[in-house]
Amino acid sequence: MSNGNGSTTAQYDVVIIGAGVSGNLIAKQLGLAGKKVLILEAGPTVPDSREQYMENFYLALAKTPESPYPSLAGRTGPGVGSLPDPAALPAPRATVLAIGRPPQQSHLIQSQTAGAPVNAKGEVRQLQFSSTYERIGGGTAWHWLGTSLRLVPHDLTMQSTYGVFQDWPISYDEMETLWGLAESEIGVAASVAQQEPLQAAIGLRYPPGYQYPMNPIPSSVVDQTISSAVSGMSVPGEGSEGGKEYSVFVTSTPAGRNSEPYQNRRVCAGNTNCIPICPIQAKWDPTVTLGSALDTGNVTVSYQSVAVNIAVEGGNATRVDYLQWSRDANGDLTSKPMSVTGTIYVLAAHAIENAKLLLLSNNQQGIANSSDQVGRNLMDHVLYLAWALADQPVWGYRGPLATSGIESLRDGEFRSNRAAFRMEIGNEGWNFSTGDPYTTTMDFITGTNNSQLNPQGQRLGGVKLAEQLNSFLTRQFRFGLLLEQSPQAENRVTLDPTYTDGLNIPRPHIEYGLDEYTMEGFRVAADTCSAVFKQMGATEFTQPTVHPYPPGRNPGPGDFSYQGKEYHMYGAGHIMGTHRMGTDSACSVVDASQRSHDVPNLWIVGSGSFPTVATANPTLTIMALAFKSAQSILAALGS
Amino acid sequence: MTTTPVPDNILADFANMSAALTGFQSSVLRPFLDPVNLSGLYYGFAVSQVSQQAMDALLNAYRAIATQPAQTIADTLLETASPTPSNQAQIAQSIVAMWYLGSWYKPAYQNAGTPGAVVQVVSSEAYTNGLVWKAAQAHPMGYSPFTFGYWSQPPASLATFGVNVPDGGGQ
Amino acid sequence: MRKLATITLLALAFACRKELPKTAATETPAPAQEAKLTAAPSGPAIVLSSAIPGDAQFGALPPNATNEEKLLAIQGDFDIFSWNSFIALNWPPGPDGNGDPTKTIGQDGDNDTVWEHYRDVADVFLPGGKPPVWKGSTPVPPECTADYAPGMRILSQVGKTPTVLTEFSQPFNTGPLIDQNGVYTRYEILVNKPMFDYILSNSLYSKAGQKVFSGTVKFPCGVLGGAEGAIMVKSAWKIIDSSEMSRFHSEEVLVYSPASDNPPYPAKCGKQTMGLVGLHIGHKTNSGAQWLWSTFEHVDNVPTEDDVKGGTLKASYNYYNPKCSAADCPPNQVPPRPWDPTKVSSFHSQIVRINTFKGNEFAPTSAAERNADAVKLLAGVNPDSVWQNYELISTMWPTNTGTCQAIAGDPLGTPAPTFLANTTAETYIQGMVPNVSSNCIECHNNATMTTPVASDFTYVLQRAQ
């Protein structure tokens with residue numbers, strides 16, 4: 001097919017933008033089939049070892065998800081260290097430390113209004129979108145937790161089952177096959193037998209005789225304690241469901257983490273560091289798949305290559321224009337405009353950057369957007385964090401970051417009215433919640449009370465200090481609840497009219513908020529946590545607004561009120577919805593294979609394709625859909 | 001940090017003082033054979049932050065009471081009973097924080113009276129040898145010396161982790 | 001706990017120095033050898049002996065020793081142990097496989113060695129989980145039959161991996177080591193009889209056997225003057241031509257690359273003369289509950305960072321081109337994928353030894369001293385001895401451990417030096433970042449069987465089928 005340059009031979013069979021979960025998997029499948037693939041990756045190369053990344057992590061003042069990866073915060077205080085200005089960076093990205101900060105520090109341009117009230121429609125607007133991503137070889141899933149949950153059948157049929165939102169244009173049966181492929185590629189440790197109670201509870205099902213690649217990861221003492229405490233517990237349905245009881249029980253979480261040597265990678269040693277980085281690669285990350293892709297001999301990666309335009313002529317994508325950036329001897333940024341052609345193009349730069357590039361293309365008139373849905377329906381798993389002190393030691397800070405959860409509340413008739421949620425059990429004490437063990441330690445050394453555990457302002461030393469810290473740290477635990485967010489057209493990514501990055505590319509402008517569906521789910525989530533804590537005899541310490549970590553961050557964006565209570569939402573790191581799939585091209589961007597409705601040789605892949613988000617962490621489904629995309633690309637190439 | 005090696009006996013005093021301040025056994029802070037030499041690293045770093053003079057004064061204050069019980073030494077040097085600890089006690093606090101967390105926090109007197117201002121993580125080894133993780137009967141996040149499945153069982157005792165508890169106390 | 005270890009180690013350090021183990025060599029020394037014994041009566045020393053030391057021997061510590069002085073002294077004792085192990089393991093074997101007392105290492109320049117008659121792990125962990133035998137033939141792949149002569153060794157590994165290529169237990173993207181002729185470096189892993197016997201008697205040679213193993217894997221410890229203990233050897237080889245043979249321990253072997261799906265290439269086999277470029281010895285002993293790790297390299301392997309900076313470069317190296325600038329040949333880069341060992345590669349590894357001993361200067365100081373002693377000794381046997389062309393990089397040993405048992409609360413035993421890498425085997429993780437940069441004990445602590453059960457610091461059990 002013509003590429004508009006007069007010549008009729010594309011340089012590559014497929015050009016993929018983005019070396020992350022989807023991009024690497026598709027490249028591998030295409031490479032294995034003998035197709036010539038170029039991956040353009042905006043960020044720097046995958047390093048030869050993770051020494052530099054781990055050193056970055058060790059020396060980081062705030063050990064956020066982005067802390068090992070390049071373009072770091074400064075390593076000296078005060079606070080969390082200086083943050084680089086995205087206006088000077090060639091491939092800036094959203095970071096946790098930039099949440100709530102102005103454009104001089106935040107790649108995403110968004111409102112910083114604090115504590116927005118509910119509007120006339122019952123919605124909160126101008127909320128801070130709080131999930132982040134990377135732009136490096138390997139992508140964001142360098143720091144995924146490893147959680148590899150399958151969706152449940154009703155997750156795919158929210159419209160037909162509950163009359164809300166959209167159905168996915170793909171059947172659960174087909175997804176089962178695709179998840180199986182993804183579980184093998186990643187190496188997921190779980191057992192169908194252990195998941196069996198969820199069949200009755202939420203409809204989870206597997207193909208008969210299905211076996212996971214590896215045995216489950218053992219549960220933690222935290223898990224075991226919660227599990228016995230909630231034995232026989234249930235929570236009542238609300239409203240029209242009064243009288244119905246939902247069983248509360250703990251299930252082991254399927255995880256992309258080695259429970260035996262797999263793919264020549266080591267077994268998990270419980271480094272408790274999955275986010276932000278596994279030091280020994282016991283947790284799968286996309287560089288593993290990228291290695292396999294490169295092994296085919298048919299895949300090339302061009303790093304530091306930022307795509308700035310996908311040319312579309314005569315209805316087909318004909319070319320990707322990109323900037324090849326580098327730093328000269330003085331460290332100054334330079335870039336060279338380049339182009340490349342393929343027969344097929346795959347946009348795999350994650351949900352926000354995918355939307356941005358689609359809107360940016362064709363001189364900012366946009367492409368592949370006859371539905372006007374590109375950038376819209378920006379969703380996250382809105383995260384509710386609750387933390388408590390158990391009445392006995394549970395010994396957190398040990399094992400993988402999470403090994404179990406309460407999954408039994410992820411489905412039910414209530415989903416006609418309010419969001420469902422899953423409850424992730426954290427094994428890392430109050431690390432996420434309060435920045436422990438730092439916060440409590442400094443409280444008892446200097447007499448402050450940022451953890452709320454030192455109301456007397458005590459200062460301790462010697463064995464008394466060690467024992468006091470032991471008493472608290474060993475009883476700390478937390479829940480992280482992932483709420484399904486409604487797709488809302490007004491939650492969206494657009495091109496910011498003012499702010500650009502180091503390559504003069506417009507940065508993403510975000511508008512974001514929550515509707516009543518989600519906030520009602522949030523309310524129930526909070527109450528459910530409190531009920532579980534009570535059942536356990538644990539003392540709750542959840543703070544709705546004031547959060548001491550990272551230090552120096554003011555409460556504000558991310559805080560909201562609902563029905564008279566204050567809440568604080570976090571991002572789960574799951575960015576979804578911005579190029580959703582559907583059968584109707586009038587209101588969706590891609591089809592079930594993630595192929596653009598408008599541009600037939602353009603695939604737009606990743607969690608941006610999810611039309612609804614349900615409650616399962618997205619990476620497994622991202623890869624499952626990528627397998628389907630790869631199959632459809634191969635079919636389109638006529639092989 | 002110091003460029004000339006600090007005499008062993010001074011580092012021994014520093015380590016023994018730190019053991020009392022932190023509540024850990026001195027053989028954890030400065031083992032008989034010490035290839036990591038945290039006490040050398042920490043002594044040098046602290047001096048660079050508070051001056052040799054202030055360090056000398058603190059060590060002398062320690063030496064004057066070195067034969068007292070460890071908890072007494074800690075409470076005395078840290079002035080835990082006082083609502084307004086002296087500069088020297090604040091330095092002792094920063095030293096405790098450094099051993100526990102691997103980071104140096106400014107003594108409040110260097111930060112307009114506000115404690116807890118972090119300067120930096122002292123080094124990667126400082127982080128991976130932080131004592132707070134032992135106090136939690138765990139390990140530094142990102143550095144596990146344990147093997148698969150350990151998290152399914154309760155940990156070894158607090159004493160095993162090096163806290164100087166008299167009779168295997170803790171949990 | 002720690003107090004116990006201190007007493008143990010001090011006891012070893014200050015104990016009356018034991019007699020040299022009685023070996024056939026000292027009882028009926030060959031004339032050339034008698035004059036070469038340099039064992040001073042007052043402390044351990046490197047000796048020309050075929051007796052494999054069961055453990056390190058400790059000299060007295062200097063009085064009122066500082067931390068540095070103690071570490072230097074004990075490091076020295078372990079480095080002597082490493083050299084005595086190197087000498088004994090590279091001793092020419094007699095018909096029973098042990099060192100031949102009537103011969104001396106290097107007396108004819110080069111010689112067959114004891115460790116090369118240990119059992120290759122490919123012959124321990126057999127297809128189908130079949131029980132292995134200590135002495136038996138090696139199955140010859142069809143591609144090799146044309147060149148095969150009985151007794152020839154087959155080298156197939158291009159990484160520390162059981163299958164061909166790619167990462168093994170290394171954290172990330174480690175890759176092959178490619179020489180200046182574009183040829184891949186080859187590896188072997190072998191185990192001695194005590195290690196083999198433990199695997200056999202506990203049925204750990206098969207997946208099925210490992211699954212039903214209910215105990216704790218604990219290989220036997222060597223004892224000074226007594227039991228040998230478990231020893232595993234990893235050797236690294238590169239193809240050499242006849243003009244180089246005088247500088248290397250060399251063997252004529254079959255270099256075999258099994259067929260691969262991804263990257264795709266067919267099997268290939270050929271006879272080659274290979275020179276030894278690296279030798280790792282892992283030895284479980286009473287003083288090394290976390291094992292003792294002795295690592296040797298050929299002296300021509302690579303320059304150090306200081307050599308490169310200061311321009312004090314040799315005319316040639318095994319893995320470094322002194323004529324290629326840093327801009328054209330950036331050092332220590334992993335070769336680009338795909339990795340195909342059956343082809344000559346256009347990429348040549350440009351490797352520099354990184355100094356991982358900052359703050360642990362006792363390690364290189366001790367190694368330099370022992371290397372000088374050993375070279376003198378070995379060259380004294382025969383000025384053409386190939387064995388003088390090898391140097392000890394260092395020995396990693398646990399500073400805080402019990403007798404054949406880790407101390408609760410310190411599973412790694414606080415190793416010294418804190419980082420150690422062999423440029424032929426840990427090429428791309430030379431550094432000083434905890435839990436990632438090469439540290440024998442730290443990394444091997446993650447070793448398990450095919451089940452996730454800890455396997456006592458060895459990855460060999462993962463090879464079970």
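Which residue of β22(A) is the bridge partner of A:Leu347? The points below take up this pairing and then the rest of the structure.

1. This is a predicted model, in which local features need pLDDT of at least 70, side-chain atom pairs count only at pLDDT 80 or more, and totals for chains, interfaces and linings use all residues. Residues are numbered from 1 along each chain as its sequence is written, while chains are lettered from A and ligands numbered from 1 in the order in which they are written.

2. The bridge partner of A:Leu347 in β22(A) is A:Ile604. Strand β11 (residues 342–347) of chain A and β22(A) run parallel and are joined by three bridges; two strands pair if DSSP finds at least two bridges between them. Helices (H or I, at least four residues) and strands (E, at least two) are DSSP runs, numbered from the N terminus.

3. In chain A, an open sheet of five strands has the order β7-β2-β1-β11-β22, with parallel pairing. Because β7 (299–302) and β22 (602–604) of chain A stand at the edges with a single partner strand each, one side of each has no neighbour in the sheet. From one strand to the next, the twist averages 20 degrees.

4. Between chains, 49 residues of chain A are in contact (C-beta atoms, placed from the backbone, within 7 Å) with 53 residues of chain B. On the side of chain A that touches chain B, the largest share, nine residues, comes from α12(A). By class, that side has 24 nonpolar (Ala, Val, Leu, Ile, Met, Phe, Trp, Tyr, Cys and Pro), seven charged (Asp, Glu, Lys and Arg) and 18 polar residues (the others, Gly among them).

5. Within chain B, the axes of helix α1 (residues 8–22) and helix α3 (residues 38–50) come within 9 Å and cross at roughly 90 degrees, which makes α1(B) roughly perpendicular (65 to 115 degrees) to α3(B). These axes are lines fitted to C-alpha atoms over the stretch in contact, with angles running from 0 to 180 degrees between N-to-C directions. B:Leu11, B:Phe14, B:Ala15 and B:Ser18 in α1(B) meet B:Ser39, B:Gly40 and B:Tyr43 in α3(B).

Conventions: Angles under 35 degrees count as roughly parallel, over 145 as roughly antiparallel, 65 to 115 as roughly perpendicular and the rest as oblique. Two residues are in contact if their C-beta atoms, placed from the backbone, lie within 7 Å.
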